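Please look at the sequence and the model, then read on.

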Amino acid sequence: MIKNYLTVAFRNLIKNRLYTAINIFGLAVGLASCILILLYVRHETSYDEWFPNADRIYQVHSRFDIPGREPFAAGQAPGPTMSAMLKDFSEIEAAVRLTEVRPVITRGSDVFREDVAFADPSLFQVLDFPLVSGDKATALADVSSVIISEAMAQKYFGLVSALGQTLPMATDWGLKRDYRVTGVFKDLPTNTHLDIKMIAPINPSDFEKRPWVLEQWTSLNTSLYLKLKPGANADNISRALPEWEKRVIPGISFGGKDISIADYITIGLMNLTDVHLHGERSNVDRPPGDLRAIAAFTVVAAMILLIACINFTNLATARASQRAREVALRKVLGARRSQLVFQFLSESLLLSVIAFALALVFVYAALPVYNTVLQRQLGLNFLAGDMLVPMMAVLIVFVGLAAGLYPALYLSGFRPARILKANKSAAAEGSGRLRAGLVVVQFAISIGLLVCTTVIYTQTVYARNMNPGFDRTGLLIVRAPYGDEYKGLRATLAAEAAKLQGVTAVTLSGDLPTDNGTNNNIFEIPGKPSPTPILLSNRTVDYNFFDAYKVPLLAGRYFEEGRGGDDYTGTDDDKVARGGNIIINEAALSRLGLGSPQEAIGKQFYQGVGNASDGARQATVTVVGVVANIMYRSARDPIEPTAYERDEEDLHAVSLRTDEASGPAVNAAMEKIWRELAPQLPYRSDFMEARIAAQYEQEEAEATMFAAFSALAIIIGALGLYGLALFSAERRTKEIGIRKVLGAKVKDVVRLLVLDFSKPVIVANLIAWPVAWWAMRDWLNGFEQRIDLNPMVFATSGFLALLVAWITVGSHAFKAAQENPIRALRYE
Amino acid sequence: MLKLQNLTKTFRTDEVETTALDAVNIDIKEGEFVAIMGPSGCGKSTLLNIIGMLDTPSGGSYQFKGEEISGYSEGALADLRKKNLGFIFQSFNLIDELTVFENIELALLYHDVPAKERRERVTAVMEKVGISHRAGHKPSQLSGGQQQRVAVARAVVSSPSLILADEPTGNLDSQHGAEVMALLKQLNKEGTTVVMVTHSRTDAGHARRVINVLDGHVVAEGLRPEGELVTGSFRSVAA
């Protein structure tokens, strides 16, 4: 019987080649899109699941809620948290801290700056990733041991075995040691939040000069991972943490007041597998997952599949009259309705299987480009045993059933008596109305996607190209090391840079726009002690920074060399004793209780000096200038209220303003100068334009992906409409004939058919617009700097959809209208 | 074999109710060859559809082999139809995508007949209707008469006890029509009950009994002796 079904099915498919091609191609493109999106979603949701005992591993995250400022959260915990928790929570089996250091590594005459994770020797007891060579038990036992990834082994030692080789490292803060390679690990897969290439053991005495890393409760510099004992409940720990924090975390004093840190900090646990999508940032991780993007793409995948299934349903019911006789006959021969339903469902399953095979071809063809855009390593590995095969099987069956169920029920419901007697078409009007409804759905989805794509793309382009508050063109950044010993190097570098041809300005600064870090400081208004501390972001710039960056001055003046108080460099004692001058940005005005830029000039504030846990003191600072806001972070983030000061200690980045054409030449010249001045250090430079573009890389990738899949959705929808229009034109041959006999012209007939197909598109617009408006307003609210929702985008998308419909239908309509009516009338 | 009592069939649209059959009483015995005659729109096709269980009556009783089936579900009717009935249509109604062999075989597929037996039975019946040499052809490659012979073969291959033929010669020229009628007569001789709707007096002449229908009523029934050629009117019975 199945064989008979398949015979009929195959011969039907071959007989109606165009219809079959539209259906299979549409379904295949839909399935391929769906598979690609599923691979991405599956990858994004599978992070860190591969770690042995991942269910028992937790990341400790912290949140500082200091009144009057944005809460600050990170996937990190203060350094002392580990030992304190190990002491008090018996549920913890093992714990490890990771902190990132960027030492200079020398290899022969080459110098590199490398991210090295320093980890407690207990690393493998918690995060147990495989070593290719070396012994986990002893790999981190010695303070001078280092384990490196295969990629790093290849980079430093090539074909020579890395084990036992030496890597001399030097940090900017004076740690110098020859590390010996004691292990090589497999490059971590892309589905882990950890971005680790080299691991050295934490040796507490190495960090004596930087007590905040391991010892202070007020600083977040280490990521902490806990492995619980089997059967232990993480919730028990979470519940006990608030009490525990109050008991364990010591207080500090600020400005003579005792402040309890425990009041401001909240510590929590998050399972390892949730970190990628739900976790806070830390310093050893990869860019976080975008839950909204995953949700959006899942919806898009479902929509594309829906459009493809609607095509199938529509074309199958439209062609129902062609199958009516067979249905009737089978019924006459004693087929039960269930048998017919089964027959038609197996037919649509067959189509689904064929489409799936074609989809796999598409997927394989698209994967290289797809991976490049998304910067992932996605692949179809059917042997991996990771649910791929069952997922695909479910997909095939689902598509087969979803697409075929209605046609199967519809076709199997035909009453044989009428059909067989008259040999006439039995297509009822009911299915025509359903088809119109489904076409509306298809177009509503297409228009919605079109609007969303346009908005997302416009916003991404806007964010990337928006004016960040300074002139970004031709800015070359050269990074010099921190520390007193390099003071001379930095000054010489700046002086030499100024001499180069094509350089119009050179300046030094601490953080740069696009650097993610923020350094907050507490300010106080004299005579108005605030119950909650006022926090401003503190940034260091050289005298001519605003000039070189072309940041508009709103009131007062820029810093000037030789003016008393403008140079804030000095020890904490110096700062407390003499105070200094600051320039604030526009956003800081309201936080400091100031109405206008002019009002700010000459105002004095108390600023925190030194580290909070040392018992912070205050210095008196005077506002000498107010500058316009500039963006240090991406368009998603708010502009931070900022106080700028000039502290020579912190000026380690050299910015060169070049005229655009000479940028690369200046960069090469700088490298040459660097090699002469500091051959022991790697030269690091980049252009501001590239740095800004990199901030939006992920968003751009997502926008590209969204645009591509939206385009596919629209193409599949148009294909379906094409098929439907073809059948409609055929079905109405007689009507068209009669109209022509009665005097209708070709253009009248074309107009009739085109208008007929325009109605669903117009209705679809009415559905799509509010939904897209709502979704996009929500999405745009995620950006501090955003475009407005332009009604033109909606109108254009709607018109575009209409145009697609007209073009698709128009050709058929024209052909049908040109037929000689005599032929058409004799035909029925 | 079957007995219709006070059978009515009404069709309803939104406003109009049309009575297609009105209080029809018919009794057909096993082994009979019955022709139903009447002008277009008289209700004879409706009658045949109800007898063939392709349609259900609005009122009255339909007993098939002693069983009252007027209230049966669609599924139960499909089973009964499968077991007992064979159909032949004016427009042949062969499936274009299937070959002659496959078209005939189709009737057996719904009977769960094993493949080997299917082949034997189809081969035998093709032999019987004289279409063996066309087994691998598609319907579109056959003449009308050949197509109708395939349809007859399909109707009888499952050995039904009742064959319903709706204008079996309506689309055929007289020579091919005669061939098909001869086949039906042959089947009837072998014991199969045949009920045929026809316009053609010649065709009706092959039947042992003729039922005349007009405006939903049975207006006349006539019997004729075996072998006698009928040309004129029939003996009236009380309508």
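## Helix H2 of chain B

In helix H2 of chain B, which spans residues 74–84, the buried residues are B:Gly75, B:Leu77, B:Ala78, B:Leu80, B:Arg81, B:Lys82 and B:Asn84. The model discussed here is a predicted one. The cover over these buried residues of H2(B) comes in part from chain A, through helix H10 (320–332), and it also includes strand E4 (59–64), strand E6 (85–89) and strand E7 (162–166) of chain B.

An α-helix has 3.6 residues a turn, so residues three or four places apart point the same way.

## Chain A as a whole

Chain A contains 26 helices and 26 strands. Its C-alpha atoms fill a box of roughly 105 × 65 × 55 Å along the principal axes. Of the 828 residues in chain A, 54% are buried.

The accessible surface of chain A is about 35300 Å², and carbon and sulfur atoms hold 57% of it.

## Nonpolar cores

The largest nonpolar core has 122 residues. Those with the most contacts inside this core are A:Ile35, A:Tyr40, A:Tyr370, A:Tyr549 and A:Tyr644. Helix H2 of chain A, residues 17–44, gives the most to the core, with 15 residues. Apart from this core lies another of 95 residues, which includes A:Val327, A:Ile419, B:Phe64 and B:Ile69.

What does A:Tyr370 touch, not counting residues up to four places away in sequence? Its contacts are A:Leu36, A:Ile37, A:Tyr40, A:Leu378, A:Met705 and A:Phe709.

## Cysteines

How many disulfides does the structure hold over all chains? The number is 0. A:Cys452 is in no disulfide, and the nearest cysteine sulfur, that of A:Cys34, is 18 Å away. A disulfide is a covalent bond between the sulfur atoms of two cysteines.

A:Cys452 counts as buried because its relative accessible area is 10%, under the 20% cut-off. B:Cys42 is also buried, with a relative accessible area of 1%.

## Loops in chain A

A:Thr45 sits in the loop between H2 and strand E1 (57–64) of chain A. This residue is partly exposed, with a relative accessible area of 36%. A:Thr45 and A:Lys815 are separated by 770 residues in sequence and by 51 Å in space, C-alpha to C-alpha.

A:Asn790 belongs to the loop between helix H24 (746–780) and helix H25 (791–818) of chain A. A:Asn790 is partly exposed, at a relative accessible area of 39%. Between A:Asn790 and A:Trp773, which are 17 residues apart along the chain, the C-alpha distance is 9.8 Å.

## Positive phi values in chain B

B:Lys65 has a phi near 50 degrees, a positive value in a residue other than glycine. B:Lys65 lies in the loop between E4 and strand E5 (67–68) of chain B. Its relative accessibility is 42%, which means that B:Lys65 counts as partly exposed.

B:Asn93 is not a glycine either, and its phi is positive, at about 55 degrees. The place of B:Asn93 is the loop between E6 and H3 of chain B. Is B:Asn93 buried or exposed? With 0% relative accessibility, B:Asn93 counts as buried.

B:Glu102 is part of helix H3 of chain B, residues 100–109. B:Glu102 counts as buried because its relative accessibility of 17% is under the 20% cut-off. Leaving aside neighbours within four places in sequence, B:Glu102 is in contact with A:Thr7 and A:Arg11.

B:Leu4 is found in strand E1 of chain B, residues 2–12, and counts as buried at 1% relative accessibility. The residues that B:Leu4 touches, not counting those up to four places away in sequence, are B:Val24, B:Asn25, B:Ile26, B:Leu47, B:Ile51, B:Ser61 and B:Tyr62. One of them, B:Val24, is 20 residues from B:Leu4 along the chain, and the C-alpha atoms of the two are separated by 6.7 Å.

Methods:
Residues numbered from 1 in each chain as written. Chains lettered and ligands numbered in written order. Predicted model: local features only at pLDDT ≥ 70, side-chain atom pairs only at ≥ 80, totals over all residues. Heavy atoms only, no water. Helix = DSSP H or I, 4+ residues; strand = E, 2+ residues; numbered from the N terminus. Buried < 20%, exposed > 50% of the residue type's maximum accessible area, 1.4 Å probe, protein only. Areas by Shrake-Rupley, 256 points an atom, 1.4 Å probe, with all protein chains shown as cover. Disulfide = S-S within 2.5 Å. Core = buried A, V, L, I, M, F, W, Y, C linked by side-chain atoms within 4.5 Å. Contact = heavy atoms within 4.5 Å.
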